Amino acid sequence: MDFPFHHDVIDQLKADGLFRSLRRVEPDPLGRSGRLIIDGRPAILLASNDYLGLAGHPRVKEAAVAAIQRYGFGGGAARLISGNALPHAALEERIARFKRAEAALVFSTGYMANLGLLSCIIPSDGLLITDRLCHASLMDGCRASGRRFRVFDHADPNHLDRLLAKRPANQPALVVTDGVFSMDGDIAPLPALVEIARRRGAAVFVDDAHATGVIGKEGRGTVEHFGLEPGSVIQMGTLGKALGCFGAYVAGSRVLIDYLINKAKTFIYTTALPPAVTAAALAAFDVIEKEPEILERLRHNRNHYAEGIKSLGFDTLQSETPIIPIMIGDSRSALAFSERLLEAGIFAPAIRPPTVPKGTARIRTTIMATHSRDDLDYVIETLGKVGRSMGIV
Ligand SMILES: *Cc1c(COP(=O)(O)O)cnc(C)c1O
């Protein structure tokens, strides 16, 4: 059963080069985390958020197995009913410590954390203001909240300042930004946003999905990267990216966390994460703290690769992180570029509207600590060949 317009929408997407379909992935036969088998063919993986390779780290896997043995698999109930196992509480304490916040709360996914938090964090007469390039979960959270919702130009503190100045006196306001922007790989100008918000009587919420474990000297995220006071922002992040696990968290004051436990519907009305998932995440934080050389390797790989492709003449926007876009522009060309890479054994998908603004289709590459230098050099060489043959560089 479907509706006639579903057929029309799909036909239009195909005509516009915007149709998406799922690819089947299998792990690399040798267990290398920077590689995979995609639709049956082996490839170097440039499309994972598992930046540190922790999804396959022995300590993370062992923690998950041990927790399954002890707790079984499913969470059994919502956290507020009977689903609040020991690993959940231990993980929240650990996240609060890692983020240097008073307290933390784990959600099932980042999408749900953002939806739940944004829907209840300010009073109904309040204002939410987001960066134009914020992640879809933040935009959806703002819309779902029913609160007034404004957008400031990407990474433009002056525009934010003007919007905050225009609001009615004493209107509660929350400034919302990604810490690291997921499609451009640039870092939000957080100190300027925090300063303006402070001056204008607003609060700041930073989504560190791609920053936690990745930026800041010890991988603690944007607050550490800029040396900000942790109490000056509300922090959110996911456990499914650099932590190599699944789930998400909000870190902030004890009062904020108690408020969310009572009011965030996406926390209240959903099954607790399996204890094995939170136990694995706890082990992943251990690895980040005890094996800083993994983050060092990520940075070396990232810089080596970024220098290589920039010297070929590719436009990588303002990327400063392991997310490195290669700007193409037109959706069909981006798709063709990505197909050429796959033929050469490199998986780097074309990112097209509506995920990115119209006319800015790109190849999005993400670098991992577990990529070998040989694989990265092969990727750089191949990007050069394909880019030249398509007239992009
Ligand atoms: C991935 C991502 C999310 C969603 O997190 P999930 O745990 O995957 O649902 C939220 N915000 C940003 C910026 C992201 O990149």
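Reader: Is arginine 220 buried or exposed?
Author: The model is a predicted one, in which local features need pLDDT of at least 70 and side-chain atom pairs count only at pLDDT 80 or more, while totals for chains, interfaces and linings use all residues. Residues are numbered from 1 along each chain as its sequence is written, and side-chain values use heavy atoms, with hydrogens and water left out. Buried means under 20% relative accessible area, exposed over 50% and partly exposed in between, with a 1.4 Å probe and protein chains only. Because its relative accessibility is 11%, arginine 220 counts as buried.

Reader: Which backbone oxygen lies 3.1 Å from a polar atom of the side chain of arginine 220?
Author: Arginine 220 is in the loop between strand E8 (203–207) and helix H9 (222–226); helices (H or I, at least four residues) and strands (E, at least two) are DSSP runs numbered from the N terminus. Leaving aside residues up to four places away in sequence, its contacts (heavy atoms within 4.5 Å) include Arg97, Phe98, Asp208 and Glu289. A polar contact is a pair of N or O atoms within 3.5 Å; within protein, one must be able to donate a hydrogen and the other to accept it, and residues adjacent in sequence count only if both atoms are side-chain atoms. The backbone oxygen at 3.1 Å is that of phenylalanine 98.

Reader: What is the handedness of the crossover from E5 to E6?
Author: Strands E5 (residues 127–131) and E6 (residues 148–152) run parallel and are joined by five bridges, where pairing requires at least two DSSP bridges. Leucine 127 has arginine 148 in E6 as its bridge partner. The chain passes from E5 through helix H6 (residues 136–145) to E6. A crossover is right-handed if, with the strands pointing away from the viewer, the path from the first strand over the helix to the second runs clockwise; this β-α-β crossover is right-handed.

Reader: Which elements give two or more residues to the lining of the largest cavity?
Author: On a 1 Å grid over the protein atoms alone, a cavity is a set of points where a 1.4 Å probe fits but cannot get out, a pocket is an open set with protein on both sides within 12 Å along at least five of seven lines, and lining residues have an atom within 4 Å of a point. Points are joined across faces, edges and corners, and a volume is the space filled by probe spheres set on them. The largest cavity holds about 70 Å³, and its lining includes Arg79, His88 and Ser108. The elements giving two or more residues are strand E4 (103–107) and helix H11 (265–268).
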